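Me: I would like to learn how to read a few features of a protein model. Can we go through them one at a time?

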Amino acid sequence: MVPYSWDIMGSSLGSYAPSCDPVGGVHLIPWTLLGWGSALGDISCEVWDDTAFQVLLFLDRQDAGRVAAVGKNCALSSAAQNDALWALYSKRTVVGQSSVSGSTGSLPKGPDGEGCNSWRHALSLWSQASRKLGLSLETNVHLRWVSAWYRLRKWLAKNLPEVDATLRIPAAARTLSSLQAFTGSKAVSPLVAGLWQIRDGQVVPVEPGLAGELGMPVLGALNSIGAKWLGLFGGFAVYDYEISLVFLSLQSGLAMTRILRQSLAPLRTEHPELVAFACSSNFSKILLVDVCKGSVFAWTRKSAPMLEPAAPDNNSGDGILCWMEEYIRRLEQQIYQVAVPGPGSPMSGISLFPQGEGMSLGCARGVEVTGSCVYMPEHPQGWCYSIALRLVDTSQDRGFSSCQLKSRRWMIQEDGREPEYVEGEGVVGMFPILMDEGWLLNAQSDPHDQYHSGEVCTVPGPFRYQSCAGRNASMKGYMSGELWFVPGTITSPTGASFSVTLPPFRLAVPEYIF
């Protein structure tokens, strides 16, 4: 607290009273500011509210809160408890300045989207969120970015702290100025610059081809192949095609953009405002943002169209913010979950195969089958799908304690065309044996040793596998199927075989591309 040297109505404010700080510790507040002591104490109850406000506005929010906490019946303490004062304080911060506050006079929501009952309550919630991000409310960054990063880091701390540990500190002002220099005369949108203002990308290893030019560590240097799944924006694996989308620092993003411009002339001549902000560790998938308009695009790796929108363009300049907020929503609502990306992976990551929303589910005889897909604008087949198998109910209800997948038949229905059927034994060369604890990994279920286990063990959770569904990247349609199981095992059945039908799930270009 700064020393006071004012003289109000001829009274010196030199004596201090102890006050308990709600955050912890004891602080000194002038007795006379509380209406105690000599001259000011005698007249404080007669001071008009606006005068008391002017006095309190010399203080910062924390000291005003301490004045209010004393609770003595005087003008200053009453004024400090008046929410009109905290509305004035909010105007000094992004809480009162950002459009998230809504119409004039309306209260903003809290960083988690919760309602606030007063401006003081709102300032308290946003102050706590900002402190956890290493910011102050006076930092010139849009409140929606504060909310987005606060929610995302809270989710990471609970679910994937190893990914949270890869996030870099905020971009320095000099680094942010290089973004403006990159675009030349066109102004960079503050809504886009906010992407790097709170966390400036990740420190995650990438394939050696471009690691040096991007200033990023080389994959393998951490002695862990699992490091490839540390991408902040999730991923998937289908056969040997593996994607984990890394958040690029601003400098790495500018470097990646320069590399792309060398081989993609239209990016240089027709889209000079686009800057890469995310890429997979193998550089197969790259997302770019228009730093002037906020629009988000995915590079298709094709000459036409070279780019596909990765978020709706509402002409309000907040496309990248909407993209981030939608991604966080899917994490919080468990649409995207932490999962092992593929057979033999030593590490989990954020899986982009949706659960619940966008997922199909079928169940029969206590066997549950789910299916969902991911759109791959950068891949010639367009879509990959994930199928999960598990037992539900009890063995008594099912009539068996285990069962083994025998065969499957998929139907791929492209809009306006005759359906195509794909059938065969097992799935991707495997014949999983489902049990209550998970699924049994042995020579019967994994005859080609895809998991490289070398021993019999139970793998917890559902059996999952991925494959490609699309026949071209522009295809739209549905996929459904039927799977046959044998109670017990194929070699030692304990009952008649039965089937589970998986209802159709949609194959279409989504509104958001992650």
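Me: How many disulfides does the structure hold?
Reply: A disulfide is a pair of cysteine sulfur atoms within 2.5 Å. This is a predicted model, and it holds zero disulfides.

Me: Is Cys 279 buried or exposed?
Reply: Buried means under 20% relative accessible area. Cys 279 has a relative accessible area of 0%, so this residue is buried. Cys 363 has a value of 45% and is therefore partly exposed.

Me: Which way do the residues of strand β5 point?
Reply: In a regular strand, side chains alternate between the two faces of the sheet. Strand β5 covers residues 235–238; Gly 235 and Ala 237 point one way, while Phe 236 and Val 238 point the other way. All four of these residues are buried.

Me: How many bridges join β5 to strand β6?
Reply: Four bridges join them, and the two strands run antiparallel. Strand β6 spans residues 241–247. Across the pair, Ala 237 stands opposite Glu 242. The hairpin has two residues between its strands, and Tyr 239 takes a positive phi near 55° there.

Me: How many residues of helix α11 are buried?
Reply: Helix α11 runs over residues 190–198, and eight of its nine residues are buried. Among them are Leu 191, Trp 196 and Ile 198.

Me: What caps the N-terminal end of α11?
Reply: Ser 189 does, with a side-chain oxygen 3.1 Å from the backbone nitrogen of Leu 191.

Definitions and conventions:
Residues numbered from 1 in each chain as written. Predicted model: local features only at pLDDT ≥ 70, side-chain atom pairs only at ≥ 80, totals over all residues. Heavy atoms only, no water. Buried < 20%, exposed > 50% of the residue type's maximum accessible area, 1.4 Å probe, protein only. Polar contact = N/O pair within 3.5 Å; in protein donor to acceptor, adjacent residues only side chain to side chain. Pairing = 2+ DSSP bridges.
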